[in-house]
Amino acid sequence: MKRENWAFVGMMFACIVWGSSHAVAKVALETVPPILLSAFRLSIAGVVFMVIQLTTKRPAIAHTDRWPMARLSMIGVVLSYILGYSGINLTTSSDASLLIIGEVVFTALLAYFLVGEKFTRLRLIGTIVGTIGAIILIGGSVGQNIEQAPNRVLGDIMFLGCLLCEAYYTVRGGAFLERNDSVSMLAWVNGVSMLVWIPVIAWYFVTGNAPSFDRDIILGIIYLALFPSVMCYFLWFTAVRQVGASAAAVALLAQPVVGALIGISIMGDPVTWTFVLGGVLILG
């Protein structure tokens with residue numbers, strides 16, 4: 001198999017893992033509070049990235065970028081994960097998977113307003129169609145609460161807030177990535193976020209509010225930290241350099257599809273006509 005084909009396979013695998021992460025998080029959130037799950041996942045990932053940076057002797061972050069990237073970490077890592085897991089805790093994993101279109105829409109809008117990136121006709125059409133799909137999906141969840149999704153509308157809105165933070169992180173982080181090594185940048189932003197996560201973890205254990213962790217929950221946390229947060233980024237960055245952005249756009253389709261299918265078939269998420277219509281528009 002050609003190197004480009006292997007790269008595309010790796011890219012698809014990363015998107016499948018990302019798509020599955022919402023269901024895994026949903027299960028973990030039954031026991032672990034959203035902010036504590038965020039703290040564990042990002043702290044483990046931060047330590048792994050820092051070890052990789054040191055052992056592979058990656059260049060350090062430019063001094064002029066360290067403080068701006070630290071501020072960006074508070075939005076793109078800390079706030080986004082708190083909103084994201086709080087939202088998933090209230091809605092279904094299928095909704096969260098399909099609403100990933102929000103990151104695409106927000107990124108396109110922020111890129112236009114913040115850095116002057118051109119808004120082509122095709123991008124405008126895609127943004128409008130995706131936005132309509134998200135509105136139908138959220139609107140259709142009104143009165144459709146279930147035991148594992150006690151407030152779908154609020155959860156969907158909070159998850160969109162997470163995606164807005166991630167889109168801002170993507171747009172603003174692009175300039176830093178041009179001047180810094182990708183692994184070093186990931187080590188830095190995740191490491192800075194630990195200034196928030198470590199006190200959170202300490203508070204839960206010192207006050208006795210930490211939940212009991214069984215084997216499945218521990219494995220779930222390790223999975224979220226090592227696979228979606230670390231391995232997939234390596235696969236993605238490597239593959240994009242090999243096959244380009246067009247193939248990346250095709251591979252990204254797997255993320256909401258896989259997430260929705262897992263949510264419906266395994267998590268028992270309800271399927272309504274608004275879910276189907278909104279999902280079709282989002283994928284479109």
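**Notes on the predicted model**

1. Helix 2 and helix 8 are oblique to each other. Their axes lie 7 Å apart and form an angle of about 140°; this value is therefore below the limit of 145 degrees, over which a pair would count as roughly antiparallel. The model under discussion is a predicted one.

2. The crossing of helix 2 with helix 8 is left-handed. In the contact of this pair, 20 residues are nonpolar and eight are polar, with no charged residue present.

3. A second pair, helix 3 (residues 63–90) and helix 7 (residues 152–179), packs with an angle of about 160° and an axis separation of 7 Å. Helix 3 is therefore roughly antiparallel to helix 7. This crossing is left-handed, and its contact comprises 16 nonpolar, eight polar and five charged residues.

4. I52 is located in helix 2, which spans residues 34–55. Leaving aside residues up to four places away in sequence, I52 is in contact with V183, V230 and F234. Along the chain, I52 and V183 are 131 residues apart, yet 7.9 Å separates their C-alpha atoms.

5. Which residues of the largest nonpolar core touch the most other members? They are L37, Y85, L99 and W197, in a core of 51 residues. The element that gives the most to this core is helix 8 (residues 182–206), with ten residues.

6. As general background, nonpolar side chains tend to be buried together in soluble globular proteins.

7. Finally, attention is drawn to K57, in the loop between helix 2 and helix 3. Its phi is positive, at about 55°, although K57 is not a glycine. Is K57 buried or exposed? With a relative accessibility of 75%, K57 counts as exposed, because the cut-off for that class is over 50%.

Methods
Residues are numbered from 1 along each chain as its sequence is written. This is a predicted model: local features need pLDDT of at least 70, side-chain atom pairs count only at pLDDT 80 or more; totals for chains, interfaces and linings use all residues. Side-chain values use heavy atoms; hydrogens and water are left out. Helices (H or I, at least four residues) and strands (E, at least two) are DSSP runs, numbered from the N terminus. Contact means heavy atoms within 4.5 Å. Axes are lines fitted to C-alpha atoms, for helices over the stretch in contact, and angles run from 0 to 180 degrees between N-to-C directions. Angles under 35 degrees count as roughly parallel, over 145 as roughly antiparallel, 65 to 115 as roughly perpendicular and the rest as oblique. A crossing is left-handed if the near helix is turned anticlockwise from the far one by less than a right angle, and right-handed if clockwise. Ala, Val, Leu, Ile, Met, Phe, Trp, Tyr, Cys and Pro count as nonpolar, Asp, Glu, Lys and Arg as charged, and the others, Gly among them, as polar. A nonpolar core is a set of buried Ala, Val, Leu, Ile, Met, Phe, Trp, Tyr and Cys residues joined through side-chain atoms within 4.5 Å. Buried means under 20% relative accessible area, exposed over 50%, partly exposed in between (1.4 Å probe, protein chains only).
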